[in-house]
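Student: Hi! Could you walk me through this model while I have it open?
Tutor: Happy to; let's go topic by topic.

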Amino acid sequence: MYRVGIGQDTHRLVAGRPLILGGVRIAFESGAYGHSDSDALAHALIDALLGAMSDGDIGSHFPDSNPKWKDADSFDMLAHVLKRVEARGFHVVNTDATVMLERPKLREFIGSMRVNVARALNIDVDCVSVKAKTGEGLDAVGRGEAVSAIAMVLLMSKES
Ligand SMILES: [Zn+2]
């Protein structure tokens, strides 16, 4: 049996916060504001996995009100969700994601993001696609006010 899921996430960019995307810490003048380490790509992946299982969303599993997830490593949250996927007898087939950020250019970090995501999802790096886009100077991303990510995942289980 196959299940497909989609996830989307946006964070405001503010001075004095780290910019972490796909588990890669990127040196920049601003970073993503939020409760955890605010890795938008990891959060989009989490929602895609939960969505594929019809298992709620990131807010229901990791509420802002829970101090446990304050400044949490989003890849710990991703690992927690992957355990739920595997507990249901599913594994990830592949994922395709796009990160939207005006600056800095992400090209040089894409390879490391793919490796991190592949490791987290327990799949081959060939099964992980991460793409980067700017906002073309438009909208909150284009004005440099936000970072956004969208991800799709395909899950498969042996049972029909
Ligand atoms: Zn988020």
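**Metal site and helix packing**

Student: Which protein atoms are the donors of the zinc ion?
Tutor: The zinc ion is held at 2.0 to 2.1 Å by Asp9 (OD), His11 (NE2) and His43 (ND1) as its protein donors. Donors here are N, O and S atoms within 2.8 Å of the metal (3.2 Å for Na, K and Ca), and water is not among the atoms, so sites may look incomplete.

Student: Before we go on, what sort of model is this?
Tutor: This is a predicted model, where local features need pLDDT of at least 70 and side-chain atom pairs count only at pLDDT 80 or more, while totals for chains, interfaces and linings use all residues. Residues are numbered from 1 along each chain as its sequence is written, and side-chain values use heavy atoms, with hydrogens and water left out.

Student: Thanks. How are the donor residues spaced in sequence?
Tutor: The spacing is D-x1-H-x31-H.

Student: And Asp9 and His11, buried or exposed?
Tutor: Both Asp9 and His11 are buried. Buried means under 20% relative accessible area, exposed over 50%, and partly exposed in between (1.4 Å probe, protein chains only).

Student: Switching to helices: at what angle do H1 and H3 pack?
Tutor: Helix H1 (residues 40-52) and helix H3 (residues 74-87) pack at about 15°, and their axes are 9 Å apart. That makes H1 roughly parallel to H3, because angles under 35 degrees count as roughly parallel, over 145 as roughly antiparallel, 65 to 115 as roughly perpendicular and the rest as oblique. Axes are lines fitted to C-alpha atoms, for helices over the stretch in contact, with angles running from 0 to 180 degrees between N-to-C directions. Helices (H or I, at least four residues) and strands (E, at least two) are DSSP runs numbered from the N terminus.

Student: Which residues make that contact?
Tutor: From H1, Ala42, His43, Leu45, Ile46, Leu49 and Leu50; from H3, Ser74, Phe75, Met77, Leu78, Val81 and Val85. Contact means heavy atoms within 4.5 Å. One of the H1 residues, His43, is also a zinc donor.

Student: What classes are in the contact of H1 with H3?
Tutor: There are 10 nonpolar, 2 polar and no charged residues. Ala, Val, Leu, Ile, Met, Phe, Trp, Tyr, Cys and Pro count as nonpolar, Asp, Glu, Lys and Arg as charged, and the others, Gly among them, as polar.

Student: How do H1 and H4 cross?
Tutor: The axes of H1 and helix H4 (residues 107-121) come within 12 Å and cross at roughly 35°. Leu41, Leu45 and Leu49 of H1 meet Met113, Val117 and Leu121 of H4. That contact has 6 nonpolar, no polar and no charged residues.

Student: Leu121, buried or exposed?
Tutor: Leu121 is buried, at 2% relative accessibility. Leaving aside residues up to four places away in sequence, Leu121 touches Leu45, Leu49, Leu78, Leu82, Val92 and Thr95.

Student: New topic: where is the cis peptide bond?
Tutor: The cis peptide bond joins Arg103 and Pro104, with omega about -10°. Pro104 sits in the loop between strand E5 (90-100) and H4.

Student: What about phi of Glu136?
Tutor: Phi of Glu136 is near 55°, a positive value in a residue other than glycine. Glu136 is in the loop between E6 and H5, and is exposed at 67% relative accessible area.

Student: And Leu138?
Tutor: Leu138 lies in the loop between strand E6 (128-133) and helix H5 (139-142), and is exposed, with a relative accessible area of 57%.
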